[in-house]
Amino acid sequence: MTNQPNDGYGPYDPYRSYGQQPQQQQPQAPQAWPGQGYQGYDDPHAAQQYTQQWQGQTWETQTHQPVSAPVAAEETAYLPPQTPQTPQGHVAPADAGAAASGYGPATVGGNTRVTDAQRARAEGRSPIIEPGMQPAALTALLGLLLAGAAAVGTYALLVPLVVLQAVTAAGWFRLNGMWPARQGIALGFAGALAADAALLASGRSPSAILGTIGVWVLLALVLQLRSHADPDERMYGLMATVAASALAIVAGGYLAAAADAVTVGAVAVAVAVLARALPLPTPASVVVSLLAAAGAGIAAGSVTGLGTSGALLGAGAAACALIGHRVASYDYPSRFVHFTAGVALPLAAAAPAVYVLGRALA
């Protein structure tokens with residue numbers, strides 16, 4: 001028996017070429033969409049016998065030209081459309097909306113959007129944004145609360161001090177880009193509370209602060225050793241936890257210092273931060289802040305009994321507060337950073353100066 005040609009529509013039928021119909025038709029398999037299998041066949045060879053083959057034009061043959069010869073790789077490689085670059089300092093009209101949002105324009109070449117800090121570094125600008133007047137007002141309010149509570153008594157001073165320590169621990173983690181970091185914040189705040197309790201139990205001895213810092217460094221080290229993160233991430237988390245704990249514990253220096261020194265120092269920090277937030281050039285703003293703090297120290301010292309020596313105490317506390325203010329301004333921080341680290345770091349950084357200068361001038 002000779003093999004019969006097959007034109008793709010099933011078994012060969014001699015009547016099809018002459019326009020005649022066969023007497024008996026073979027059963028046709030139900031049609032299915034491309035990609036679907038035929039069901040109802042137990043034998044896979046039987047399913048292949050009735051499989052129809054599509055020979056008409058499809059969407060791909062209508063919209064795409066057939067490739068008759070190999071095409072070079074250079075002709076098939078995708079090249080994004082080239083746009084003319086605008087001079088530095090000018091923004092194209094099409095990219096004005098993207099530039100106004102603070103991010104670079106979206107591209108089809110796969111370029112990622114850069115942050116404000118990265119853009120500032122690339123353009124040679126300083127990635128510093130100062131907190132502004134509202135955080136400065138909160139710092140001044142918290143400083144005045146510390147000054148008034150110190151005049152009332154030791155246990156009254158604990159209330160604003162605990163608030164300062166909690167905001168310091170949370171603000172430092174957020175300033176370092178680590179959020180949420182509940183474990184680290186809780187550990188730093190717990191260290192501050194332990195230092196306060198040790199200060200009260202030891203008669204406000206400063207050795208309680210140093211001892212608590214040493215213990216909390218060991219605790220932070222143990223917690224990071226038990227972490228399953230990468231070594232770099234563990235080291236970064238260890239440094240952030242130790243720094244946040246140390247700052248929150250050092251803020252307890254207000255509890256160890258004399259009440260008159262706390263009053264003068266807190267008032268001076270409040271005035272210095274408000275003066276620093278004025279719209280002045282940075283060098284002039286720093287000088288004005290220190291002079292204002294010295295004047296506030298003299299005024300508060302005349303009330304507490306320190307006299308003119310309050311000027312030195314106020315200027316020293318203000319200098320440390322400006323350092324904390326500068327740290328809170330680094331690397332384009334967010335609004336949350338400004339209202340946590342920007343509020344707490346000036347007062348926390350001034351606590352050692354208040355203790356040391358208070359004892360020296362007493």
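Predicted model: local features only at pLDDT ≥ 70, side-chain atom pairs only at ≥ 80, totals over all residues.
A residue counts as buried when its relative accessible area is under 20%, as exposed when that value is over 50%, and as partly exposed in between.

What does arginine 276 form a salt bridge with? Its partner is glutamate 130, and the closest N and O atoms of the pair are 2.7 Å apart. The two residues come from distant parts of the chain, 146 residues apart: arginine 276 sits in helix α12 (residues 259-276), while glutamate 130 belongs to the loop between α5 (116-122) and α6 (133-152). Glutamate 130, at 30% relative accessibility, is partly exposed. Searching the whole structure turns up one salt bridge. As a general point, side chains of opposite charge can pair when their charged atoms come close.

Beyond its neighbours within four places in sequence, serine 289 is in contact with Arg276, Ala272, Ala275 and Leu322. A polar atom of the serine 289 side chain lies 3.3 Å from the backbone oxygen of alanine 272. Is serine 289 buried or exposed? Its relative accessible area is 0%, so serine 289 is buried.

Here are the accessibility values for the residues of this report, side by side.

| Residue | Relative accessibility | Class |
|---|---|---|
| Serine 289 | 0% | buried |
| Valine 250 | 23% | partly exposed |
| Glutamate 130 | 30% | partly exposed |

Next comes valine 250, which is found in helix α10 (residues 231-250). Setting aside residues up to four places away in sequence, valine 250 touches Ile209, Ile213, Ala348, Ala351 and Pro352. For one of these, isoleucine 209, the C-alpha atom is separated from that of valine 250 by 6.8 Å, although the two residues are 41 residues apart along the chain.

Helix α10 has a part in the cavity as well. The whole structure holds one cavity of 30 Å³ or more, and the largest cavity contains about 40 Å³ of space. Which helices each supply at least two residues of its lining? They are α9 (207-225) and α10, and α10 gives the most, with five residues. Among the lining residues are Ile213, Trp216, Thr241, Ser245 and Ile249. By type, the lining divides into seven nonpolar residues, two polar and no charged.

Note on methods: Residues numbered from 1 in each chain as written. Heavy atoms only, no water. Buried < 20%, exposed > 50% of the residue type's maximum accessible area, 1.4 Å probe, protein only. Polar contact = N/O pair within 3.5 Å; in protein donor to acceptor, adjacent residues only side chain to side chain. Contact = heavy atoms within 4.5 Å. Salt bridge = Lys/Arg side-chain N within 4 Å of Asp/Glu carboxyl O. Helix = DSSP H or I, 4+ residues; strand = E, 2+ residues; numbered from the N terminus. 1 Å grid on protein atoms, 1.4 Å probe; cavity = no way out; pocket = protein on both sides within 12 Å on 5 of 7 lines; lining within 4 Å. Points joined across faces, edges and corners; volume = space filled by probe spheres on them. Nonpolar A, V, L, I, M, F, W, Y, C, P; charged D, E, K, R; others polar.
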